[in-house]
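Me: I've got a structure open and I'd like to talk it through. Can you help me read it?
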Amino acid sequence: MPHLPADDSPDAPATFDAALRQALRLRGLPLQRVCDRLAERGIRISPATLSHWQRGRSLPERPQSLRAVRKLEEILAVPRGHLVGLLQPHRPRGRARTSGQDVTASRRVFAPGSEVERALGAAFALFNRDIAPLSIHEAVHVAEDRCIRRLSVTQVLRAICDGPDRLTLVHQVDEGVPPELDFTVHCGTLGSVRTEGPLRCVVADILLGRPLRRGETAVVRYDVDFPSGPAASSFYERRVRTNLREYLLHVSFAPGAVPATCHKYYRRRTDAPQEQVARLVVDASRAAHLYPAKCTPGVHGMHWTWPPGPDGDTG
């Protein structure tokens, strides 16, 4: 039976689509037959999907698709991990990254001299450059005092190259709130935590347990508890440096802290004005959510207003 060239051979395909085309050709199986063999292993993929993959028109990114790629390695008799290792985080127009993210990915989102850049210092150029989020789910809880008191985050990450072993977080607190955050990590291990008081920032590392290989994924899940502030919170936003497959922001309000209005918005950069502003419904469970159809680089957020109190104060 013909075999694929070794990974370090000059003839070894450099991209996932080229490697899949070569494996299909060498194995001599029609796409429908390959799909039938995947179905025998409990995975249903259409011939059209396989055709798109081998032509480079799309990449397998969903968990079911990644399972299919691992089974394809068995069916096509290629070394284990050969095809999976060629998968990279998604880029616009279906192209894949071949190296770490350049610092320009951060500068497109963070304004020059931003608090995040100042908090990280020289490390800003390396800010999570070797790892990219695929999906982010955030749950924000606003307490009775109208302040954000808890944030729960789940991220699915993928290594862009070999070696990343941590995710760096930068959280900024509201004006007047002590930057003394309590981190609880459920998936991963809390590493170093440092406070940049004048910038109202806390920088923390979540350790992934081991260096990831290129294309490998990891899940990070953590909670952050915030101290109460002197003024009510009025917004929450996420700075996104690369295209996300999925972003969900879910904000819940305590019974005595239901906002009068709630809106979603987008900003191209941290110093840019809001655009794509649209009203959100606060549902019967006193929650509103943001779930963009396409989560592109920029700032995605939600802001709300409070009903006036007895003295007319909305704070």
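**Talking through the model**

Reply: Start with the contacts. Of those with a separation of 6 or more, 70% are between residues 24 or more positions apart. Keep in mind that this is a predicted model.

Me: OK. How many helices and strands does the chain have?

Reply: The secondary structure comes to six helices and 13 strands.

Me: And what share of the residues is buried?

Reply: Buried residues make up 44% of the chain, which has 315 residues.

Me: Which helix and strands each supply at least two residues of the lining?

Reply: Helix H6 (115-120) does. So do strands E1 (131-142), E2 (148-159), E3 (166-172) and E8 (235-240).

Me: How do the lining residues divide into nonpolar, polar and charged?

Reply: There are 22 nonpolar, 11 polar and nine charged residues in the lining.

Me: Let's pick Glu237 from that list. Which strand is it in?

Reply: Glutamate 237 sits in strand E8.

Me: Is glutamate 237 buried or exposed?

Reply: Buried, because its relative accessibility is 13% and the cut-off for buried is under 20%.

Me: What does the side chain of glutamate 237 make polar contacts with?

Reply: One partner is the side chain of tyrosine 265, at 2.6 Å. Another is the side chain of arginine 267, also at 2.6 Å.

Me: And which residues is glutamate 237 in contact with, leaving aside neighbours within four places in sequence?

Reply: Tyr265 and Arg267 again, plus Val299, His300 and Gly301.

Me: Switching to valine 219. Where is it found?

Reply: Valine 219 is in strand E7, which covers residues 217-225.

Me: Why does valine 219 count as partly exposed?

Reply: Because its relative accessibility is 44%. Partly exposed lies between the buried cut-off, under 20%, and the exposed one, over 50%.

Me: What is valine 219 in contact with, beyond four places in sequence?

Reply: Thr154, Gln155, Val156 and Cys187. There is also a C-alpha distance to look at. Valine 219 and serine 135 are 84 residues apart along the chain, and their C-alpha atoms are separated by 9.7 Å.

Me: Last topic, backbone angles. What is the phi of alanine 77?

Reply: Alanine 77 has a positive phi of about 55°, although it is not a glycine. Most residues other than glycine have a negative phi.

Me: Where does alanine 77 sit?

Reply: In the loop between helix H4 (63-75) and helix H5 (104-107). Alanine 77 is partly exposed, with a relative accessible area of 31%.

Me: What about asparagine 128, what is its phi?

Reply: Asparagine 128 has a positive phi too, about 50°, and is not a glycine. Asparagine 128 lies in the loop between H6 and E1.

Me: Is asparagine 128 buried or exposed?

Reply: Buried, with a relative accessible area of 12%.

Note on methods. Residues are numbered from 1 along each chain as its sequence is written. This is a predicted model: local features need pLDDT of at least 70, side-chain atom pairs count only at pLDDT 80 or more; totals for chains, interfaces and linings use all residues. Side-chain values use heavy atoms; hydrogens and water are left out. Helices (H or I, at least four residues) and strands (E, at least two) are DSSP runs, numbered from the N terminus. Ala, Val, Leu, Ile, Met, Phe, Trp, Tyr, Cys and Pro count as nonpolar, Asp, Glu, Lys and Arg as charged, and the others, Gly among them, as polar. Buried means under 20% relative accessible area, exposed over 50%, partly exposed in between (1.4 Å probe, protein chains only). A polar contact is a pair of N or O atoms within 3.5 Å; within protein, one must be able to donate a hydrogen and the other to accept it, and residues adjacent in sequence count only if both atoms are side-chain atoms. Contact means heavy atoms within 4.5 Å.
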